Amino acid sequence: VWPPQTLTVDTESIVNECELMEVLPQRGSGKQFVPIVELAALLYLGEYIHARHTWRRWSQDNNNPPPLLKDWWNVGKAMMMTGSDDTATSSLWSALQHIQTNHPAPLNG
């Protein structure tokens, strides 16, 4: 099933499938969700450098990246804030709440 219902089951395989779907145009339907799922999965794994690279690649190749991709990048930026202060935590929860409120399941979680 694409997109996956959750990122918590076999997340590494989800990232691998996203990478394959990027380069193999005939592989699967729902390709519009690939950058979003890939970015969210990388953030879930704590792969912040790879997540940043994914964001840059998709946002530079597309002058108008999907709103959900931008919103997940805001989550990533909040996750990468240094320290564990209240500002970082507040930014993260605010970004996640925005996704939960403005985007349909399963892409909001």
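The structure shown here is a predicted model.

View 1. Let us start with helix H5, which runs over residues 86–102. On one side you can find Ala-88, Ala-95 and Ile-99, which are buried. These three cover an arc of only 40 degrees around the axis, so they sit on the same side of H5. Now turn to the other side of the helix: Asp-86, Trp-93, Gln-97 and Thr-101 are exposed there. What covers the buried residues of H5? Helix H4 is part of that cover.

**View 2. A stacked pair of tryptophans.** A pair of aromatic rings is described by the distance of the centres and the angle of the planes. How many aromatic pairs does the structure hold? There is 1. Its partners are Trp-55 and Trp-73, with 5.7 Å from centre to centre and 5 degrees between the planes. The pair counts as stacked because its planes are under 30 degrees apart. Trp-55 belongs to helix H3 (residues 48–61) and Trp-73 to helix H4 (residues 67–79), so the pair ties together parts that are 18 residues apart in sequence. Are these two tryptophans buried or exposed? Both Trp-55 and Trp-73 are buried.

**View 3. Helix H1 and its buried side.** Helix H1 takes in residues 11–23, which makes 13 residues. From its first C-alpha to its last it reaches 19 Å, close to the expected 18 Å. Look here for Thr-11, Ile-14, Val-15, Cys-18 and Met-21, which are buried. They lie on the same side of H1, because the arc they cover around the axis is only 125 degrees.

**View 4. Where H1 meets H2.** The buried residues of H1 pack against helix H2, residues 34–45. Two packed helices are described by the angle between their axes and the distance between the axes. For H1 and H2, the angle is about 150 degrees and the axes are 9 Å apart. The crossing of H1 past H2 is left-handed. On the H1 side, the contact includes Glu-12, Ile-14, Cys-18 and Glu-22. On the H2 side, look for residues including Val-37, Ala-41, Tyr-44 and Leu-45.

How values were computed. Residues are numbered from 1 along each chain as its sequence is written. This is a predicted model: local features need pLDDT of at least 70, side-chain atom pairs count only at pLDDT 80 or more; totals for chains, interfaces and linings use all residues. Side-chain values use heavy atoms; hydrogens and water are left out. Rings of Phe, Tyr and Trp (its six-membered ring) pair if their centres lie within 6.5 Å; planes under 30 degrees apart count as stacked, over 60 as edge-to-face and the rest as tilted. Helices (H or I, at least four residues) and strands (E, at least two) are DSSP runs, numbered from the N terminus. Buried means under 20% relative accessible area, exposed over 50%, partly exposed in between (1.4 Å probe, protein chains only). The expected span of a helix is 1.5 Å times one less than its number of residues. The arc is that of the directions from the helix axis to the C-beta atoms. Contact means heavy atoms within 4.5 Å. Axes are lines fitted to C-alpha atoms, for helices over the stretch in contact, and angles run from 0 to 180 degrees between N-to-C directions. A crossing is left-handed if the near helix is turned anticlockwise from the far one by less than a right angle, and right-handed if clockwise.
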